[in-house]
Amino acid sequence: MPIRTMRASGTPPTTGSPGAPDSAPGRTGTPAKADARAGLRGEGTWGWLFVSPMVLVLGLFMVLPILMALWVSLLHWDGQSNPFSAQADFVGLDNYRTLLTQDGLDRTLFATSLRNNAYYVLLTVPLQTVLALALALIVNQKLLRGRGALRTTFFFPSVTSSIAVSTVFLFLFQGSGAVNSMLSWIGLKGPNWFADPRGVLSLILSGLGIVDPERPAGVLADHSLMGLSWFEWLAGPSVAMCTIILLAVWTTSGSFMLIFLAALQNIPRELEESAAIEGVNRRQMVRYVTLPALRPVLFLVLTLGLISTWQVFDQVYVMGQGAPGNTTLTPAFLSYSAGFDNADFGQGSAIAFILLALILILTAFQRWALRERDAHTGRNR
């Protein structure tokens, strides 16, 4: 009778009362919770089972080679023996010191390749991004006729073999090629594109009478960085490198155009209609509506462009291999040349990992620079 009275008054039953949950020692929860945890463990096991083939493939063909290359970068190894045997000469960080701190030809070549690639990145990434966005805005117009044909035409260079396109460019830009012939029609004499090592920026400064490229003086000649004078760092991309930049912009803008096009088609129609009601013009629409909506996609395109341009190899291999005067030399090609031409795989691997670190740092900086800022609170999102 007392038990019934307590239940009727709403007081919870005490331990040991009839109908109370079993709270005996060793029980961690109700059976339903235990079954839920067991189900989650089972799902996790099945998930790992399904992804295990891809994990094994990635580990075997990506992670292990990367770790092996990292070990090789600490060796003086010619590729003719087992790198894990006593025949491989362990040199520690000497390969990195040779490239970064010790005076010599190796550091000078590496600095030259960084300079060339830096100009390649600074010109290629903005040009291909702007061109891709412009093409996407053009082919996204609903009243444009032949949109499908235009999209195919703009995208076609991206799916063409880079080796084939580079070979065609060699014929187009040779001394008596089609490009120089077209320039002669308007009274201009084109250069010998792939044999001109002069920097474009130095040519402009020379034309303005500011700097003499043959005998630079002052601070530009008296100071140096990694074996190159400041004038050599600031000389700009060579005429030959500018040709490779044109090739890269032409062949990559189509792929990025498709990425921008997909993003443009996902912008809510209500945003554009609201802006049109407010009376904004086309330029204001792009600046205040389209570009803010494309911020994540813009970061993606810039990141992909940054990574691919720092890893440029095939165009350099076909069109210059560093010539003329090492003005088309890039770190990726220098790494290949050190390993397969000079049989110094340790130095080639060290160049590859320095390039990897540089790409990661620049990607992190780009992410910080393009982060979304809250104007009111000053917080980053």
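Reader: At what angle do the axes of helix α6 and helix α11 cross?

Author: Welcome, and keep in mind that this is a predicted model. Helix α6 covers residues 162-172 and helix α11 covers residues 239-265. Their axes come within 11 Å, and they cross at roughly 135°.

Reader: Is α6 oblique or roughly antiparallel to α11?

Author: Angles over 145 degrees count as roughly antiparallel. The axes of α6 and α11 cross at roughly 135°. That angle therefore makes α6 oblique to α11.

Reader: Which residues of α6 make the contact with α11?

Author: Let's take the α11 side of the contact to begin with: T243, L246, L247, W250 and T251. By class, the contact of α6 with α11 has five nonpolar, three polar and no charged residues. On the α6 side, the contact is made by V165, S166 and F169.

Reader: Are helices α14 and α17 roughly parallel or roughly antiparallel to each other?

Author: Helix α14 spans residues 295-310 and helix α17 spans residues 345-369. They pack at an angle of about 160°, with their axes 10 Å apart. Angles over 145 degrees count as roughly antiparallel. So α14 and α17 are roughly antiparallel.

Reader: How many charged residues does the contact of α14 with α17 have?

Author: From α14 come F299, L302, T303, L306, I307 and W310. From α17 come L355, L358, I359, L362, T363, Q366 and R367. Sorted by class, this contact has nine nonpolar and three polar residues, and the number of charged residues is one.

Reader: How many of the residues of helix α16 are buried?

Author: Helix α16, residues 331-341, is mostly covered. Its buried residues are P331, A332, F333, L334, S335, S337, A338 and G339. Of the 11 residues of α16, the number buried is eight.

Reader: What covers the buried residues of α16?

Author: The cover includes helices from other parts of the chain. Among them is α17, which also packs with α14. The others named are α4 (105-139) and α15 (314-319), so the cover includes α4, α15 and α17.

Terms used
Residues are numbered from 1 along each chain as its sequence is written. This is a predicted model: local features need pLDDT of at least 70, side-chain atom pairs count only at pLDDT 80 or more; totals for chains, interfaces and linings use all residues. Side-chain values use heavy atoms; hydrogens and water are left out. Axes are lines fitted to C-alpha atoms, for helices over the stretch in contact, and angles run from 0 to 180 degrees between N-to-C directions. Helices (H or I, at least four residues) and strands (E, at least two) are DSSP runs, numbered from the N terminus. Angles under 35 degrees count as roughly parallel, over 145 as roughly antiparallel, 65 to 115 as roughly perpendicular and the rest as oblique. Contact means heavy atoms within 4.5 Å. Ala, Val, Leu, Ile, Met, Phe, Trp, Tyr, Cys and Pro count as nonpolar, Asp, Glu, Lys and Arg as charged, and the others, Gly among them, as polar. Buried means under 20% relative accessible area, exposed over 50%, partly exposed in between (1.4 Å probe, protein chains only).
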